[in-house]
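I set aside some time today to look through this model, and I kept notes as I went. Come along if you like.

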Amino acid sequence: MATVDYPLEKSRRQREFSLSEALYSWVATVDHKRLGLMYMTSAIIFFLIAGVMAMVIRAQLIVPENHVVGPQTFNRLFTMHGTTMVFLVGMPIIAGMSNYLIPLMIGARDMAFPRLNAFGYWIFLFGGILLYFSYLGANGLFGAGSAPDVGWFAYAPLTERAFSRGTSTDYWILGILVSGIGSIVSAINVIATTLSMRCKGMKLSRMPLFVWVMVVDAWMVILALPPLTAGQVMLLFDRYLGANFFNTQAGGSAVLWQHFFWIFGHPEVYILIFPAFATVSEVVPVFSRKPIFGRQAMVGAVVAIGFISFGVWAHHMFAVGMAPISNIFFATASFLVAVPTGVKIFNWLATIWGGKIRFATPMLFCVAFIFQFLIAGLTGVMLAVTPFDWQLTDSYFVVAHFHYTLTGSFLFGVFAAIYYWFPKATGKMLSETIGKWHFWLLVIGFHLTFDPQHILGILGMPRRVYTYAPGRGWEPWNMISSIGAAIQAIAIICFAWNVIRALIKGERAGDDPWDAWTLEWTTTSPPPEYNYETDPEVRSSRPLWDLKHPEDPDWKYE
Amino acid sequence: MTRRLAVLTVVCAELVFAGTAGDHPIENIFRPLSTPAHEISDVSFLAVIICAVIFSVVAGLLTYAIIRYRRRPGDSDAEPPQVYGSNQIEAAWTVIPLLIVFVLIMVSARVIASVQNAKPPANALHATVVGHQWWWEFRYPSLGIVTANELHVPLSDTAHPQPTFLKLESVDVAHSFWVPRLNGKTDVIPNRANDMWIDPHEAGDFIGNCAEYCGTQHANMLIHVIVQPKPDFERWVAEQQLPAVEDPSVAADKQAFLSVSCVNCHTVKGTSASGVFGPDLTHLMSRKYLASGVLSNTPENLRAWIKDPQAIKPGCLMPAMHLTDNELDSVVAYLRTLK
Ligand code: HEC
Ligand SMILES: [Cu+2]
Ligand SMILES: [Cu+2]
């Protein structure tokens, strides 16, 4: 399809010529694409900040008894690193990707509630800034500030007034609580949009897998966040209104907080991985030149994961001294999650099988994702073996495991998505050469960083330690791990360079650079504000395949 | 795949070669020395093998696929055959994992039950572990002993099995008791009594860490479990049960110690020092380390610690008392006699 210059667009562009007007148009926008890009940009900025924190953490641990930072600073660093990556990187990326892509993919002109959408973004950003404001204000503005230092899961009673004086913990509570409103709002919007705004012919059974996964994700956000919010409000009551929910000094329960947190926290890890699932399910078929294998099974698996993931939370608590029967129950549920997860991996594999694979950068990230997610899943199975978990929980093995899911899987999936959809969003191609540098450096850095951490866990190194003594067999692994982190940093610099370079002088993308099959590739790159001039109509789940292969369209087989 | 294989090889190498470094053996969850740790290690090893097999199969197929089905230069532009799925295949790769899961559930349940349901035999030693920010208190109620940071337990060999059952409590926040070669970890949670047991088959000093983040000095909350043959253990018990040594040559130093604020936080049995906020110092010199494993117990280290604990363990709950050099000398001289 040719690139059309719409007169409407042109006049708008002229108007935006003045900087203040341009700024105003972004601040006041309710366009799902702009909001999507704003979510993504904010997430990337927070990602860079939390990434720098990770670098300081690894610098501190590169040798035993190091003095890069002291214990207080270190504890704040890992707290803010984890909190930022989960709530200010993972969550807005979900919102950003859903916002940008869902209306385009289902042939709609915007989300169902555009203004609510804008509200969601701004409240998220406010929450994030509130959390970071703790660096200045957490002891009250008169004293030096300090960030929260209670860990991203903020176990009680360390968060109670008796052990956490000042207001840093309150910033943690309120920052997350407020940014969570943004996540909920965007989840509601995703569900409403997909239920009511699909174009003609887009039956649920024809909806792209990406959209399916993000809808299930939205349901999970809506169900999982309230327990966290409830727990946080109870904690505020404890801290300021004399309640004693988690105050063990007055008969409260420390374990109760853990239940509240993890009934949110476990679904949350699936919530975070779903955008990667969604991306891989779109990218792998296009670059293998085959439809996704077992479409219905893929949808079924995602729904099954969604359900089961609400029944496994206490596998984070195998060491708190639960009764054997509870341990067995949660072990069983955790093993069961592995079954639909396996189905997904097998289906991706079967999609690749018999294809004609083009190893462009998005596909490279997807292939690495599958390998790494496989390992993440298998170490997850090991952790579900309760007795094994008694040894591994809260050790570096767990750190390695969840970075395999969040870096090796989620982040790789997000990079696949960025390389794949960046041309659509900006009209410019990212460089394949720099992309490959980015990819290979990240793969090498990732494995050097996290593979040795499995061994550290097996050798008894607990997580969240700011220092360790020499002579316990941990030195070489920590050294390798820190070197790997530096290599990852170089990879991220390549990425940043690639994006900036593409924005300035990237090759023009055209409407459909990847020869893809979903609706978003029919409109211009970047799409006009109204997405589609005329409402599209689809007859199968691969409308562009039908268009490109009139002799053998998909709808014949539906 | 090669990446993962490399890791596995390294783990195996580590299992075989991990020996001694410094004065204690390197901990490793796969080199168990106590029944629960053994059972855990066995089931863990099984899980690792099962996962390694699954990994080899899936990663092998994936590697094959990306090599075999890559687009080669000169390939035609025709699309490959479009395959949409197969219910039989989906069923197969749902059912096979289910069977594996079933096996894993069964073996896990067995070990969970046998570790958690073990009942103390009549001769079992009972001790209470109390977690403090950032040190460990060990109490032996039946023996009338209170000590800190170094848990002494009797050797439990096949000839004389004598397990130790631990009750775990915390006075402040949540901690976790983890000595990898003796058992998995069990959290030490305020307002809740947990328990665990060990029956070490080898004498020695086994090191572990607090494994639940508990605040500023979580990193420096080490555990030493000192496993002694029965006679040695009994000698240690007898010594610990005595009140503090009365050495007339340090009477003045003792007076100096009792007149500074140490007594508010520390107990020395048989004197007026009866604080319970910090570790019991009655037999301080019977310990190998100071401040939960941070320093070895030498006169210089002891002096440095008392002079400024914050320089050694920043943020710890013992303040620098700003003693004069004379007071410091006296306090150290006195403490050095507390065998
Ligand atoms: C405010 C209470 C407090 C006061 C006063 C105090 N201590 Fe401590 N002391 C502690 C705490 C708490 C620890 C444990 C520190 C740690 O390991 O984190 C400790 C640890 C020690 C240890 C190490 C014990 C061991 O088993 O490792 C020694 C020795 C010691 N104190 C001596 C003294 C002396 C001597 C004085 C007086 C000059 C003193 N303390 C005053 C609270 C106090
Ligand atoms: Cu979980
Ligand atoms: Cu701790």
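Below are my entries, from the whole chains down to single bonds.

**Ground rules.** I am working from a predicted model, where local features need pLDDT of at least 70 and side-chain atom pairs count only at pLDDT 80 or more, while totals for chains, interfaces and linings use all residues. Residues are numbered from 1 along each chain as its sequence is written, and chains are lettered from A and ligands numbered from 1 in the order in which they are written.

**Entry 1: chain A.** I looked up the secondary structure and found 16 helices and zero strands in chain A. Helices (H or I, at least four residues) and strands (E, at least two) are DSSP runs, numbered from the N terminus. The radius of gyration of chain A is 24 Å, close to the 24 Å that the globule rule gives for 558 residues, so chain A is as compact as a globular protein of that length. I note that this radius is taken over C-alpha atoms, and that the rule is 2.2 Å times the number of residues to the power 0.38. Taken along the principal axes, the C-alpha atoms of chain A fill a box of roughly 70 × 55 × 40 Å.

**Entry 2: chain B.** Here I found nine helices and 14 strands. The radius of gyration of chain B is 27 Å, well over the 20 Å from the globule rule for 339 residues, so chain B is more spread out than a compact globule. Its C-alpha trace spans about 95 × 50 × 40 Å along the principal axes.

**Entry 3: where the chains meet.** I checked contacts, which require C-beta atoms, placed from the backbone, to lie within 7 Å. By that test, 80 residues of chain A are in contact with 84 residues of chain B. Which helix gives the most to the chain A side? I found that H10(A) does, with 15 residues. The chain A side divides into 47 nonpolar, 24 polar and nine charged residues. For these classes, Ala, Val, Leu, Ile, Met, Phe, Trp, Tyr, Cys and Pro count as nonpolar, Asp, Glu, Lys and Arg as charged, and the others, Gly among them, as polar.

**Entry 4: a helix pair in chain A.** I followed helix H4 (residues 71–105) and helix H13 (residues 396–426) of chain A, which pack at an angle of about 35° with their axes 12 Å apart. The axes are lines fitted to C-alpha atoms over the stretch in contact, and angles run from 0 to 180 degrees between N-to-C directions. The contact of H4(A) with H13(A) has eleven nonpolar, one polar and no charged residues. Among those on the H4(A) side are A:Met85, A:Gly90 and A:Ile93, and H13(A) contributes residues including A:Phe410 and A:Trp421.

**Entry 5: around ligand 1.** Of the 30 residues around ligand 1, I listed B:Cys262, B:Cys265, B:Gly278, B:Ala291 and B:Met318 as those that come nearest. A residue is near if its C-beta atom, placed from the backbone, lies within 6 Å. H6(B) gives the most to this shell, with three residues. By class I have 21 nonpolar, seven polar and two charged residues in the shell.

Entry 6: Most residues other than glycine have a negative phi, and most peptide bonds are trans. A:Ala154 has a positive phi of about 45° although it is not a glycine, and I found A:Ala154 in the loop between H5 and H6 of chain A. A:Pro157 has its place in the loop between helix H5 (114–137) and helix H6 (168–196) of chain A, and a cis peptide bond with omega about 0° joins A:Ala156 and A:Pro157. The peptide bond from A:Ser525 to A:Pro526 is also cis, with omega near -10°.

How values were computed: Two residues are in contact if their C-beta atoms, placed from the backbone, lie within 7 Å.
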